[in-house]
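Here is a short report for a reader meeting this structure for the first time. Have the sequence and the 3D view at hand as you read.

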Amino acid sequence: MIFAFDFIILLFLIPAAIIALQLKDLLAAAMVFGIYSFLMCLLWAEMGAVDVAFTEAAVGAGVSAVFMIATIFNTKRNSSD
Amino acid sequence: MIEHAPVLLMVVPLFAAVFCALLGLRWKVVCLPLTIIGLGGALYFTIIAFLQVSASPDHQISYFLGGWNASDFPRGVGIEYRVDLLNGMVLIVIAAVALLVAIFSKQFVPRETPGKEPQYYALFLLLAVGLMGMTITADAFNLYVLLEVSSLTSYALIAMGSRRASVAAFQYIIMGTIGASFYLLGVGYLYIKTGSLNMQGIHDTLIGEGLHDSPAVYVAFLLIFVGVWIKLAFFPLSAWLPNAYSRAPTATGCIIAPLMTKVSVYIMLRIMLTVFGPEYVYGELSWAGPMVWVAVVAIIAGSILALGQKDLRRMLTYLIIAEVGYMVGGAWLLAPGGMARGESLYSTATGLVGTGYHIISDAAMTLCLFLAVGAMIVKAGSSRIEDMKGLFRKCPVTMACFVVGALAMIGVPPTCGFFSKWYLISGAFEAGRWEFAAALLVSSLVNAVLFFRIIEFAYFGKLPEVDDAHGHHQHHDEGGMEENPPSMLVPLVLASVALIAIGLFNKEIAGYLSQFLNTVAMGGQG
Amino acid sequence: MEEFIHSRFNYWIYVILMMIGLWGMISKNNLIKKLIGMSIFQTAIILFYVSIAVKSETANIPILPHHGHDFSPKVALAHADSPYHEEDHGDHNGHHTHVETPKVPDPDGYANPLPHVLMLTAIVVGVATLGLALAITQKIYREYGTLEEDELLEKVRADDHD
Amino acid sequence: MKKLSGIIVLIVGLLLLYGVSDPDDFPSWGTPDSPANKSPVSQYFITDTIVDTEVPNMVTAVLADYRGYDTMFETVVIFVAGLGIFSVVRVFGHSGSGRVVTADTKPDMIITNTCRLLIPVIQLFALYVLAHGHSSPGGGFQGGVILGASFILVALAWDLDTALKRFSEKQAIICAGIGILIYAGFGLASVFLGEEFLNYGIIHRILPGVDSPEMARYYGMLGVEIGVMFTVASVMFLIYGLLATRGRMTGGL
């Protein structure tokens with residue numbers, strides 16, 4: 001647990017979350033959401049929750065993003081807001 | 001084997017569900033028998049568990065999963081199951097309702113979800129497992145996991161319906177996830193203040209450490225309650241319910257409508273009485289005044305919205321919202337003067353017996369009405385109230401059961417609806433909450449208007465000849481009797497018999513409930 | 001003041017992320033955006049739980065050093081050394097420090113494992129919910145041809161009047 | 001509507017801030033003295049896991065043994081998600097409406113050759129994560145997701161049909177069910193041997209070469225983690241297949 005590291009990742013998380021919600025291109029939003037998940041995973045690893053971080057790396061940054069992209073591919077790529 | 005009943009009642013339907021999904025890939029015919037066997041086993045074990053509880057000296061039994069019992073290890077190391085008189089009865093209700101709906105679903109599932117019967121029945125069984133697990137568990141986090149099992153199955157079961165159902169299911173997912181997440185967050189606040197996840201452990205720490213005035217505990221209480229209220233569709237948070245329940249496939253509606261909100265009410269009671277304890281809920285917070293008023297608004301709003309509906313199933317869903325108002329309001333009826341130390345809960349919270357009794361009787365009433373309406377819609381070919389004309393001649397047994405359900409809903413004496421209202425109203429009188437008693441009476445009146453209108457249509461309404469020419473092709477032999485098949489009638493008749501039976505045995509059930517309330521108060525003070 | 005920020009910062013950020021997620025869930029128009037909001041909301045809760053489990057800067061991850069069989073709390077008293085103690089094989093004095101006296105793992109030397117376990121379950125639940133919600137989204141798109149909530153509700157209302 | 005949701009979000013946020021901001025009430029971040037960290041339960045997990053179960057990774061031990069029942073239902077949640085998605089989106093036959101997805105059907109040579117090299121390594125790593133989960137981060141769930149991801153990679157690099165030839169839809173559902181049967185089977189085995197559900201300690205009676213309840217717990221955990229891996233890997237692949245092809249299980253992304 002290193003406070004500076006923690007502090008910086010936490011500050012990065014908020015823009016990542018807002019950008020993921022604000023991008024009109026859903027594919028890009030899904031990718032930014034993947035980045036958000038990966039930052040989260042780094043943060044948890046830093047806090048000593050290695051198992052949680054490992055799972056989030058596999059699930060949040062990997063599989064969920066793939067699921068989202070599969071759905072976006074099959075529906076529509078742009079959103080109105 | 002008998003002492004394992006609390007866990008076997010979940011494991012038997014779980015295995016049935018998995019086998020249903022696996023064998024169903026090859027042989028679709030085995031699914032329904034497997035479902036009935038699984039739920040029958042569950043019903044058997046719930047009854048065994050309840051008999052064990054009522055025979056045990058302190059009226060509760062604990063089962064420690066994995067053998068991490070509280071005597072050799074700190075409490076809360078493993079997961080504990082605890083059955084007492086209240087959740088013993090709720091468990092029996094869940095298993096029985098699920099079993100009846102499974103029998104009833106024989107006609108509907110192949111027609112409404114063609115080609116997916118194995119998955120449907122597997123999800124159906126897992127829904128029952130999730131609901132029973134939520135009821136039986138004594139671990140706050142285990143409750144969350146099982147809540148998600150039951151929620152995910154119900155999202156999927158609802159979304160399998162018509163095209164309109166998928167939109168309702170999506171809204172339900174959003175609301176349900178907010179509710180479950182709030183619950184989880186509340187448990188987190190409790191965990192950081194108490195360090196325990198076991199319900200009794202949390203309660204003991206809250207009292208032992210004197211945490212009643214802690215802001216974090218207050219926030220935890222608010223979060224958990226808002227989460228549970230979303231789940232049980234308490235009035236301002238109920239917008240998702242009517243669409244989700246009325247657009248679902250018939251069998252789904254029949255199991256979700258009687259059980260989901262009732263189990264959520266049970267969970268609210270469990271959290272009030274076991275996790276936070278009556279000392280906190282009734283003593284520290286002074287919410288009884290506003291809460292009863294909100295419940296009154298919920299009852300009136302549900303009844304008025306029901307009056308405006310033209311669709312029969314949709315009308316019933318609004319009545320569910322009103323009934324939820326009964327139960328939530330009943331839980332907050334307090335004797336004037338509030339909670340005195342050392343006094344038993346039975347004499348303080350006067351509405352609790354009514355709430356507990358209403359959980360059981362409302363599950364039975366809603367089951368009976370949804371089954372009857374499902375059967376009526378098959379015969380009438382539509383769910384609009386006007387199309388119910390002449391149904392009495394066509395299917396008298398179905399309609400007789402519908403009338404029994406309607407009488408129970410109105411609150412006519414031999415049925416359980418009368419007694420639950422009786423307990424609630426007498427609780428309101430003892431608490432001096434006249435507005436609640438008045439709301440109950442108004443809602444009974446509205447129910448009477450609603451149901452007599454339908455019965456009138458069905459009994460006196462004649463099928464006009466022109467309807468035949470206009471494509472209502474089901475009606476061509478008017479006057480002839482074409483009763484529904486036995487797979488629909490048997491559960492329906494059993495459900496309506498249960499309504500009267502629960503009414504006749506009201507003394508016993510209320511006796512168990514008051515015994516339960518006495519144990520809670522003693523545990524709380526000690 | 002710095003101490004105050006230091007000790008609360010994680011919780012503040014969790015509240016902000018939670019608000020962003022909730023806002024995305026209830027006010028975004030696009031269904032997939034709502035689901036992204038839902039995932040942010042759920043990860044914020046996980047962040048909260050993981051923050052509960054953190055102990056001071058010396059605390060280790062909740063995995064015992066690999067000569068774990070030497071631990072035996074039934075025999076010995078709490079051991080004051082750092083949790084890394086066991087791995088100092090070739091330390092400066094040239095002799096091995098492990099074995100001989102069985103020791104108890106120091107409770108303050110490791111992060112609290114319980115919230116981690118709970119959150120593993122919560123992550124799984126989150127991905128299951130997300131998958132199911134995406135499936136329902138696809139079904140909605142198949143039936144109505146749109147993923148925008150306002151257009152969808154209009155079409156639904158038109159359906160209801162038929 | 002927008003304003004209303006903004007107000008709701010603000011209220012919730014302020015409520016949560018109120019909960020965490022009182023320095024006397026809410027323990028500060030990283031303190032070992034918070035009630036959660038000082039509670040006998042979590043201290044017990046740290047000090048006694050190794051004695052009870054011989055597993056150095058406390059998270060694995062708590063996940064698969066102390067709170068193994070939660071994990072069983074976590075596996076059930078995954079199974080429910082698989083079945084639910086199947087029942088919501090699956091369409092049978094080729095009559096599905098809408099555009100026929102024709103991505104560039106010829107798989108790219110560079111990608112397929114790279115995947116040929118990568119996939120065995122990924123699968124081996126998945127098994128390592130599973131088997132080594134007792135003494136390092138990892139376990140059945142993580143291993144299962146990685147294994148499922150390797151199948152998804154096959155489907156992405158070639159196409160779904162190629163992947164389905166190796167691991168068909170039916171096989172995926174069957175494997176998912178078998179995973180739960182393995183998990184609950186360990187539980188039932190301990191019931192039949194006369195102990196509580198999921199009390200693995202007792203299975204040393206029937207496991208050859210295991211003489212102490214502690215080691216039986218160790219191997220019992222390994223067994224249930226294998227069950228978790230079965231379910232998770234196959235359901236992840238199934239979900240991907242269903243979502244990528246809008247339920248047709250052919251062609252697709």
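## A strand pair in chain B

In this predicted model, strand 1 (residues 60-64) of chain B pairs with strand 2 of chain B, antiparallel, over 5 bridges.

Strand 2 spans residues 80-84 of chain B, and 5 of its 5 residues are buried. Glu80(B), Arg82(B) and Asp84(B) point one way. Tyr81(B) and Val83(B) point the other way. All of these residues are buried.

## Chain B as a whole

The two strands belong to a chain with 22 helices and 2 strands. The radius of gyration of chain B is 23 Å, close to the 24 Å that the globule rule gives for 526 residues, so chain B is as compact as a globular protein of that length. Its C-alpha trace spans about 75 × 55 × 40 Å along the principal axes.

Of the 526 residues in chain B, 65% are buried.

## Helix 5 of chain B

Helix 5 of chain B covers residues 117-136, 20 residues in total. From first C-alpha to last it reaches 29 Å, close to the 28 Å expected at 1.5 Å a residue.

Is this helix enclosed or open? All the counts point one way: 20 of the 20 residues of helix 5 of chain B are buried, so the helix is largely enclosed by the rest of the structure.

## Chain A

Chain A has 3 helices and 0 strands. Read along the sequence, its pattern is α-α-α. Its C-alpha atoms fill a box of roughly 40 × 25 × 10 Å along the principal axes. Buried residues account for 56% of the 81 residues in chain A. Among its contacts between residues at least 6 apart in sequence, 54% join residues at least 24 apart.

How confident is the prediction here? Chain A averages a pLDDT of 90, and 99% of its residues score at least 70. Confidence is lowest in helix 1 (residues 3-22) of chain A, at a mean of 90. It is highest in helix 2 (residues 26-46) of chain A, at 92.

## Where chain D meets its neighbours

Chain D touches chain A. Here 15 residues of chain A are in contact with 17 residues of chain D. The chain A side has 10 nonpolar, 4 polar and 1 charged residues.

Chain D also touches chain B. That contact takes 51 residues from chain D and 52 residues from chain B. Several helices of chain D each supply at least two residues to its side, among them helix 1 (2-21), helix 3 (40-53) and helix 9 (169-192). The largest share, 14 residues, comes from helix 5 of chain D. By class, the chain D side has 30 nonpolar, 11 polar and 10 charged residues.

## A loop residue in chain D: Ser28(D)

Ser28(D) lies in the loop between helix 1 and helix 2 of chain D. Why does Ser28(D) count as partly exposed? It has 17 other C-beta atoms within 10 Å, and partly exposed is the class between 12 or fewer (exposed) and 20 or more (buried).

Which residues does Ser28(D) contact, leaving aside neighbours within four places in sequence? They are Ser7(C), Arg8(C) and Pro23(D). Leu124(D) is 96 residues from Ser28(D) along the chain, and their C-alpha atoms are separated by 42 Å.

## Two residues with positive phi

Leu198(D) is not a glycine, yet its phi is positive, at about 65°. It is placed in the loop between helix 9 and helix 10 (213-244) of chain D. Leu198(D) is buried, with 30 other C-beta atoms within 10 Å.

Arg246(D) also has a positive phi without being a glycine, with a value near 50°. It lies in the segment after helix 10 of chain D. Is Arg246(D) buried or exposed? Arg246(D) is buried: 27 other C-beta atoms lie within 10 Å.

Key
Residues numbered from 1 in each chain as written. Chains lettered and ligands numbered in written order. Predicted model: local features only at pLDDT ≥ 70, side-chain atom pairs only at ≥ 80, totals over all residues. pLDDT = per-residue confidence, 0-100. Helix = DSSP H or I, 4+ residues; strand = E, 2+ residues; numbered from the N terminus. Contact = placed C-beta atoms within 7 Å. Nonpolar A, V, L, I, M, F, W, Y, C, P; charged D, E, K, R; others polar. Rg over C-alpha atoms; globule rule 2.2 N^0.38 Å. Expected span 1.5 Å × (residues − 1). Pairing = 2+ DSSP bridges.
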